[in-house]
Amino acid sequence: MMRRWVTAAATTALAVALVGCGPAPWNVPSGGGVGSSDAGEPAPSPSISRTAVPPPVPNDLSSGSTERQVTAGSVSGALNYWSDLSMDRWSATALKPVSLSLVTTVSPDDGQKVYLQKATMIAVPGNAEGDLSPLAPTSDQSATNPGYLVLSPYSYSQTFYVGEVPEEATFVTIRFTYDFLVQTTPTSSEFAKQTATDSITVAIAAREVDED
């Protein structure tokens, strides 16, 4: 009789302890915990912010100079461009020099000569949104007839200048046109005109902001 009374008392104490500890784990709704107001609702995903990175500004003179090849009919020209003004000083307001050297060959080479009649430069500022208004063209017209002899080993050298460009410009595209006169025969006073074009792009240095 005493053993049955002890067992019943222990069972009653265990039931009281369970009531005092809140609902049993098997009665908690799936996906939530005690006191959860969003039982069964998935947690919201964190928002991810993305910042657009502007593309790098092209610069054909970033290494100091660049070499190009042009072809106009039977004439092939080897060009070298450079600037004596360092790239960090190629600001929108600076007077920016661009130097070039040119030498040509002709094929077939029957002894005829090649002359440069005129070289023209047009600078077109631009940015990521497109081209801006071009600057006034400048040219070097030969004062001698038929022109400057540019057949190897004789070469042509000249420096052109890019003036002030708008502040919103991040680069300038410099377009060149070369007008050649080629003898029809080694002893002829008649010439054939050939025209070659080329262009380089140079970055405009960012404007420095004064700090107080």
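Of the 212 residues in the protein chain, 31% are buried, a figure that, like every other value here, was computed from a predicted model. The chain contains one helix and ten strands, and their order along the sequence is α-β-β-β-β-β-β-β-β-β-β. Among the contacts with a separation of 6 or more, 65% are between residues 24 or more positions apart. The chain exposes about 14,000 Å², and carbon and sulfur atoms supply 53% of that area.

**The nonpolar core**

The largest nonpolar core is made up of 35 residues, and those with the most contacts inside it are Ile174, Phe176, Tyr178 and Phe180. At least two residues of this core come from each of β1 (65-72), β2 (75-82), β3 (96-106), β4, β8 (156-162), β9 (171-183) and β10, with the largest share, six residues, supplied by β9.

**Aromatic pairs**

The count of aromatic pairs comes to five. One of them joins tyrosine 115 and phenylalanine 191 in an edge-to-face arrangement, with 6.0 Å from centre to centre and 80° between the planes. This pair links distant parts of the chain, since tyrosine 115 lies in strand β4 (residues 114-127) and phenylalanine 191 in strand β10 (residues 191-203), 76 residues apart. Elsewhere, ring pairs link Tyr81, Phe160, Phe176 and Tyr178 into a cluster.

Tyrosine 115 counts as buried because its relative accessibility of 14% is under the 20% limit. The table sets this residue beside two others.

| Residue | Relative accessible area | Class |
|---|---|---|
| Tyrosine 115 | 14% | buried |
| Phenylalanine 191 | 33% | partly exposed |
| Glutamine 158 | 28% | partly exposed |

**Surroundings of glutamine 158**

Glutamine 158 is found in strand β8, and, not counting residues up to four places away in sequence, it touches Val98, Ser99, Leu100 and Asp140. Glutamine 158 and serine 99 are 59 residues apart in sequence, yet their C-alpha atoms are 5.7 Å apart in space.

Methods: Residues are numbered from 1 along each chain as its sequence is written. This is a predicted model: local features need pLDDT of at least 70, side-chain atom pairs count only at pLDDT 80 or more; totals for chains, interfaces and linings use all residues. Side-chain values use heavy atoms; hydrogens and water are left out. Rings of Phe, Tyr and Trp (its six-membered ring) pair if their centres lie within 6.5 Å; planes under 30 degrees apart count as stacked, over 60 as edge-to-face and the rest as tilted. Helices (H or I, at least four residues) and strands (E, at least two) are DSSP runs, numbered from the N terminus. Buried means under 20% relative accessible area, exposed over 50%, partly exposed in between (1.4 Å probe, protein chains only). A nonpolar core is a set of buried Ala, Val, Leu, Ile, Met, Phe, Trp, Tyr and Cys residues joined through side-chain atoms within 4.5 Å. Contact means heavy atoms within 4.5 Å. Accessible areas come from the Shrake-Rupley method with a 1.4 Å probe; for residues, only the protein chains shown count as cover.
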